[in-house]
Amino acid sequence: MNAGKTIDSVETYAFQGGIFDGLSAEYQEAYLDASLAGYEGMLKGEAADEAAQALAQAQQEQIAAMFDAWKNRDRCPGGVYDKEAILNSDDELNSKLFTERDPGMIAAAAEYLETEGENTFFLAVGAGHMVDPGGIVSGLKELGYTVELVP
């Protein structure tokens, strides 16, 4: 089972679910209303308004650009993914997804690196947690680690 490898996690499903559960009631209600309105519109075959269409198009373009950056081994897709704008927004969900989680991921990565003996670890995180400001790479560098891209 698991090819004899130990499987561990930095965040549990309960922790990640708690991110959304920890949003204010007002935010949760507004998010649910917007999601349901969009879904109901799709079920009725109604075209989304221009603003919603523009947002969907922008999201599609951003995802395509992120895939291109990944394929080209762009280590810092900041032009594609504006994490600074996300961190500086007053959006409650953005704060919980990034501002509050990146430090824990940096600490977990450092803890793995401090493990005694000769070890190999694989840490899987979303790309948004790698880029600056506040990403895992720069966080580890600030702690004195050398971080380099492996070709």
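1. Leu43 is exposed in this predicted model: its relative accessible area is 60%, and the cut-off for exposed is over 50%. The residue belongs to helix α2, which covers residues 25-43. Together with Tyr39 and Met42, Leu43 makes up a nonpolar surface patch, and the accessible area of the three comes to about 380 Å².

2. Turning to charged pairs, the structure has 3 salt bridges. One of them joins Arg101 to Glu11, with 2.7 Å between the closest N and O atoms. This pair connects distant parts of the chain, 90 residues apart: Arg101 sits in the loop between α5 (92-99) and α6 (102-113), while Glu11 lies in the segment before α1 (13-21). Are these two partners buried or exposed? Arg101 counts as buried because its relative accessibility is 11%, and Glu11 is likewise buried, at 15%; the limit for buried is under 20%.

3. Next comes the salt bridge between Lys83 and Asp102, where the closest N and O atoms are 2.4 Å apart. Here too the pair ties distant parts of the chain together, with Lys83 in helix α4 (residues 83-88) and Asp102 in helix α6, 19 residues apart. Both Lys83 and Asp102 are buried.

4. Glu100 and Lys96 form a salt bridge as well, and their closest N and O atoms are 3.8 Å apart. As for cover, Glu100 is partly exposed, with a relative accessible area of 49%, whereas Lys96 counts as buried at 18%.

Technical notes:
Residues numbered from 1 in each chain as written. Predicted model: local features only at pLDDT ≥ 70, side-chain atom pairs only at ≥ 80, totals over all residues. Heavy atoms only, no water. Patch = residues over 30% accessible without salt bridge, like charges linked within 9 Å, V, L, I, M, F, W, Y side chains within 5 Å. Areas by Shrake-Rupley, 256 points an atom, 1.4 Å probe, with all protein chains shown as cover. Salt bridge = Lys/Arg side-chain N within 4 Å of Asp/Glu carboxyl O. Helix = DSSP H or I, 4+ residues; strand = E, 2+ residues; numbered from the N terminus. Buried < 20%, exposed > 50% of the residue type's maximum accessible area, 1.4 Å probe, protein only.
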